[in-house]
Amino acid sequence: MGAVAMLGLGLAVFVAPSPAAAAIAAEDNVAVAASKPSDTSEEIKVAGATVYFVDNGDTWFIQDTAADGRSAIVLWENYINFNVARFGTCANKLGNGKWGKCTKDYVESSGIYAQACTYDFGTKTKGACSEWKVVKGEIIP
């Protein structure tokens, strides 16, 4: 687990990708402005970031919850047949208290594993990260 490389956003590699994920290009996105979702059942929190995954629409909602100079991000992995098929990030660079969203299009029967983190894009250093969490389906047989 933890194959997210986060290449496109200029983030340092958190964990070396697995051999299977190494051949897959990271899908790094910057969130657009949004409101807090009404579906808050799949929540991941860490000091400085709140993340929700809404299955209906495959949308990540990310809130920056600290005025600390860091952005709130979500790292995600998408599993099909228990193998990493896609992985990426969604970064909320909108500022403290602001909500952002990134919409993806995952295979309906797939599993999704995610982690909320904070990141300082100016110094390229990560802050706090939550534990990884399964937010949809299964990732391990």
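**Notes on the predicted model**

1. The count of aromatic pairs comes to seven, where rings of Phe, Tyr and Trp (its six-membered ring) pair if their centres lie within 6.5 Å, with planes under 30 degrees apart counted as stacked, over 60 as edge-to-face and the rest as tilted.

2. Residues are numbered from 1 along each chain as its sequence is written, and side-chain values use heavy atoms, with hydrogens and water left out.

3. Tyr119 and Phe121 form an edge-to-face pair, at 5.0 Å from centre to centre and with 70° between the planes, and both Tyr119 and Phe121 are buried. Lys93 lies over the face of Phe121, at 4.1 Å from the ring centre; the criterion here is that NZ of Lys or CZ of Arg is within 6 Å of the ring centre and within 35 degrees of the ring normal.

4. The protein has one helix and eleven strands, these being DSSP runs numbered from the N terminus (helices H or I, at least four residues; strands E, at least two). Among contacts (heavy atoms within 4.5 Å) between residues at least 6 apart in sequence, 63% join residues at least 24 apart.

5. Which residues have the most contacts inside the largest nonpolar core? They are Val51, Trp60, Ile62 and Val74, in a core of 18 residues, where a core is a set of buried Ala, Val, Leu, Ile, Met, Phe, Trp, Tyr and Cys residues joined through side-chain atoms within 4.5 Å. The elements that give two or more residues to this core are β3 (43-46), β4 (49-54), β5 (59-64), β6 (71-80) and β9 (111-120). A second, separate core of six residues includes Ile73, Leu75, Ala91 and Tyr119. Of the 141 residues of the protein, 47% count as buried.

6. Two residues deserve a look at the backbone. Asp58, in the loop between β4 and β5, has a positive phi of about 50° although it is not a glycine, and at 3% relative accessibility Asp58 counts as buried. Asn81, in the loop between β6 and β7 (83-92), has a positive phi of about 55° and is likewise not a glycine, but Asn81 is exposed, with a relative accessible area of 65%.

7. On confidence, the mean pLDDT (the predictor's confidence in each residue, from 0 to 100) is 88, and 84% of the residues reach 70 or more. The value stays under 50 over residues 3-8, for which the model has 30 contacts beyond four places in sequence, and also over residues 12-16, with 17 such contacts. Where pLDDT is low, the predicted coordinates should not be read in detail.

Technical notes:
Predicted model: local features only at pLDDT ≥ 70, side-chain atom pairs only at ≥ 80, totals over all residues. Buried < 20%, exposed > 50% of the residue type's maximum accessible area, 1.4 Å probe, protein only.
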